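Colleague: I would like to learn how to read domains, interfaces and charged pairs in a model. Could we go through one together?

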There are 2 protein chains.
Amino acid sequence: MNRDDVVARDAADPLTPLRELFALPEGTIYLDGNSLGALPRATAGRVAEVVTEEWGRGLIESWNTADWIGLPQRVGDKVARLVGAGPGEVVVADSTSLNVYKVLASALSIAASDAPERRIVVSERSNFPTDLYIASSLCRDRGYELVLVDSPEEIEGLLDRAAVLMLTEVNYRTGYLHDMAAVTARAHEHGVLAVWDLCHSAGAVPVDLGGADADFAVGCGYKFLNGGPGSPAFLWVNPRHVDRFEQPLSGWMGHAAPFEMSPGYRPAEGVSRYLSGTPGIIGISALECGVDTLLAAEAYGGLEAIREKSLALTRLFADLVASRLPGFTIESPLDDAQRGSQLSLSVDEGAYAIVQALIERGVIGDFRAGSIASGSASAGSPDILRFGVTPLYTRYVDVWDAVDHLVSVMDNDEWRDERFWTRGAVT
Amino acid sequence: MNRDDVVARDAADPLTPLRELFALPEGTIYLDGNSLGALPRATAGRVAEVVTEEWGRGLIESWNTADWIGLPQRVGDKVARLVGAGPGEVVVADSTSLNVYKVLASALSIAASDAPERRIVVSERSNFPTDLYIASSLCRDRGYELVLVDSPEEIEGLLDRAAVLMLTEVNYRTGYLHDMAAVTARAHEHGVLAVWDLCHSAGAVPVDLGGADADFAVGCGYKFLNGGPGSPAFLWVNPRHVDRFEQPLSGWMGHAAPFEMSPGYRPAEGVSRYLSGTPGIIGISALECGVDTLLAAEAYGGLEAIREKSLALTRLFADLVASRLPGFTIESPLDDAQRGSQLSLSVDEGAYAIVQALIERGVIGDFRAGSIASGSASAGSPDILRFGVTPLYTRYVDVWDAVDHLVSVMDNDEWRDERFWTRGAVT
């Protein structure tokens with residue numbers, strides 16, 4: 001296999017036309033769409049329209065005339081198509097952290113009512129930290145214990161005592177992909193509610209919340225949904241739960257009739273009660289453009305085609321690393337069924353500097369620290385070089401060239417240059 | 001007094017040059033900046049830069065290179081200058097509703113520790129509903145009673161039992177302005193914490209949180225701060241409280257070291273612990289442009305000059321209504337010391353249709369329903385026509401012309417046309 005073979009794969013790839021939907025900087029190989037998705041070409045124009053026309057000219061009337069008031073549900077319905085949910089089941093709102101708070105609070109309310117003797121919430125120590133911080137807060141306030149496991153195999157033994165199992169479908173460090181349907185089924189067999197974080201899976205792997213019969217889910221707008229930095233997040237509630245409880249962040253936009261201005265809260269029917277304050281119109285509008293890039297893929301095979309290419313990209317990456325970079329260890333599962341849309345590597349020393357040296361060469365991946373402190377989420381784990389693939393715009397040749405650059409960084413000892421060792425605020 | 005006199009007042013007004021900072025639609029008299037501030041001219045360009053350059057070209061590196069990571073504090077420091085707070089005391093984050101949740105939760109934690117026998121939270125029935133919904137939720141979860149008063153005079157008698165007094169400085173319906181310093185002092189004399197909502201005062205009246213020695217405050221970005229629809233909100237915590245407790249929405253951005261990715265939450269020092277999830281970069285950047293319009297006024301007399309003009313505008317409005325529209329009642333306080341930056345009117349019938357007829361004439365105010373249901377926040381109150389004045393762009397002639405249009409709407413019975421009686425989703 002040589003570079004020409006890889007270029008030929010891109011030429012034959014049915015998803016290739018979709019790359020044109022993105023404004024990618026020249027000379028950059030962007031392998032960090034799992035952290036911040038690239039800019040869709042449509043976004044700048046749409047955001048300008050929202051700012052200049054809808055806000056600037058339409059002013060307050062745009063709540064009606066531009067249907068700003070319906071935006072969280074309208075974009076939510078589009079997201080629903082990517083995660084196996086039905087119309088009216090998803091809203092876009094707030095951040096992932098806040099949405100975890102809402103859905104976990106609801107799950108705990110249900111558990112307290114249906115199975116009050118169950119007093120633990122189970123999650124993984126390697127879960128994305130914000131999920132754990134929010135869960136800790138809720139568990140403390142409601143008298144639950146948050147029990148963190150170090151491997152998926154430990155979960156089973158805890159289910160008989162658990163109220164809620166809260167997992168992220170694709171691990172942010174390793175890309176490990178849970179079998180949502182199987183895990184949810186096991187949880188339900190033991191009477192446990194399953195809350196899923198889709199931050200690293202929505203838009204990257206086919207998600208079937210309805211098919212898996214999950215209970216609650218949240219997800220991120222700025223990773224594979226390409227919604228922009230700090231984009232609003234989304235949440236889903238299984239229809240069988242949605243009208244059972246109020247969520248505690250009961251702001252006016254979740255009220256059944258916000259403009260009645262009643263002093264008493266009466267929750268909206270359905271998932272709209274999971275709205276809280278006034279929605280960020282510019283941010284949700286940008287997110288809609290990002291979601292549209294994924295819906296555009298429906299004409300090219302949709303998420304099944306995206307998944308197939310994603311696995312082919314990470315497999316190519318893994319094969320090239322195995323053959324050309326013997327000093328690196330692949331930290332992502334090699335089994336396709338267990339691998340999300342990223343490849344994570346480790347190396348004996350210098351992971352941070354290697355990532356920086358790659359960035360100087362125009363190859364953007366990122367670094368995630370290993371066990372820098374006892375009690376770290378990654379205790380016992382090495383520092384990680386993360387490379388995400390986004391099949392809408394990542395080409396096979398990008399993977400080839402990225403590995404080429406990595407070989408050069410190592411062969412030339414470029415990473416030893418001291419300018420690559422200074423940490424930024426965000427690493 | 002005739003229209004020429006009013007035009008002459010605009011010519012002599014020192015704030016007149018600031019109107020050029022806004023992109024106002026031709027032919028519109030915009031008197032709804034208390035609901036959604038107008039678009040600053042700088043915003044479209046700045047938002048385009050954030051989208052195209054920082055996100056599109058800078059991609060993930062902009063967290064460091066464009067200092068996205070410091071944006072909530074940087075813009076918070078600018079907001080601080082408008083509300084009498086010091087640097088490092090304010091962050092921009094989330095929505096007003098969510099920020100009420102954070103600061104009220106903290107206030108209740110402090111009260112539970114310092115005065116556990118106090119079990120009520122006092123607010124006004126006429127407070128903006130979302131504050132009451134959030135307070136109800138927290139009170140229910142923590143075993144407090146939310147007691148709502150119907151007039152400010154009833155507050156005093158409750159203070160000996162109260163843990164927290166939660167008020168909005170300027171009432172959204174009537175524009176009634178509390179004396180923050182005096183009310184806070186009375187609260188403190190009785191051992192009660194004072195939480196202030198500045199949604200209708202920040203940027204419109206001089207606020208002095210430090211001088212008043214308030215305990216906590218939140219405020220809106222999209223009203224007088226001109227941050228755009230659904231703009232992020234802000235919050236302030238008195239430095240004597242800020243490190244005492246964690247707030248419950250403890251997302252990763254409020255962690256002392258978010259990129260350590262530790263599974264255990266360790267709150268950041270100071271007000272940064274009131275951040276939760278990933279900040280919405282586009283929204284905060286737009287808000288910064290809006291806040292900058294107010295900081296630009298510092299060269300023209302600042303908030304003192306804005307306040308003086310605001311009172312002159314609403315006084316002119318009130319005088320014209322009194323002399324030309326005898327069927328209308330002024331619902332805002334006529335005492336300057338008690339009036340925010342709006343004039344609210346009521347009329348025997350047709351308030352909604354009158355507002356719509358004015359909108360068709362290019363005069364944008366808004367409607368707030370009165371007691372449409374028993375238990376309504378405005379029980380016993382009439383339907384309201386609200387007209388906000390924003391001295392940065394509202395001219396004396398706008399007030400004159402608005403009243404002229406209102407006279408025409410009434411004299412011609414225009415409001416009786418049935419097309420003005422159909423309610424929009426947002427009224």
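Predicted model: local features only at pLDDT ≥ 70, side-chain atom pairs only at ≥ 80, totals over all residues.

Colleague: Then start with the overall build. How many helices and strands does chain A have?

Modeller: Chain A has twelve helices and 13 strands. Its radius of gyration is 22 Å, close to the 22 Å that the globule rule gives for 427 residues, so chain A is as compact as a globular protein of that length. Along the principal axes, the C-alpha atoms of chain A fill a box of roughly 70 × 55 × 40 Å.

Colleague: How is the size of an interface expressed?

Modeller: The size of an interface is often given as the accessible area lost when the parts come together. For domain 1 and domain 2 of chain A, about 2,100 Å² is buried between them, with 61% of it on carbon and sulfur atoms. In terms of residues, 31 of domain 1 are in contact with 21 of domain 2 in chain A.

Colleague: How many polar contacts and salt bridges cross between these domains of chain A?

Modeller: The rule finds nine residue pairs in polar contact across the interface of domain 1 and domain 2 of chain A, both residues being at pLDDT 80 or more. The count of salt bridges between the two domains is zero.

Colleague: Which elements of domain 1 touch domain 2 in chain A?

Modeller: Helix H10 (302-324), strand E10 (342-347) and strand E13 (384-388) of chain A each supply at least two residues of that side. The largest share, four residues, comes from H10(A). By type, the residues on the domain 1 side divide into 14 nonpolar, eleven polar and six charged.

Colleague: Now apply the approach to the two chains. How much area do chain B and chain A bury between them?

Modeller: They bury about 6,800 Å², 68% of it on carbon and sulfur atoms. B:Trp55, B:Tyr133 and B:Pro263 supply 12% of the area that chain B buries against chain A, more than any other three residues. The contact involves 82 residues of chain B and 82 residues of chain A.

Colleague: And what should I look for in charged pairs?

Modeller: Side chains of opposite charge can pair when their charged atoms come close. Between chain B and chain A the count is four salt bridges. B:Arg140 forms a salt bridge with A:Glu246, their closest N and O atoms being 3.6 Å apart.

Colleague: Which element gives the most to the side of chain B that touches chain A?

Modeller: H6(B) does, with nine residues. The residues on that side of chain B divide into 44 nonpolar, 27 polar and eleven charged.

Technical notes
Residues numbered from 1 in each chain as written. Chains lettered and ligands numbered in written order. Heavy atoms only, no water. Contact = heavy atoms within 4.5 Å. Buried area = accessible area lost by both parts, 1.4 Å probe. Salt bridge = Lys/Arg side-chain N within 4 Å of Asp/Glu carboxyl O. Polar contact = N/O pair within 3.5 Å; in protein donor to acceptor, adjacent residues only side chain to side chain. Nonpolar A, V, L, I, M, F, W, Y, C, P; charged D, E, K, R; others polar. Rg over C-alpha atoms; globule rule 2.2 N^0.38 Å.
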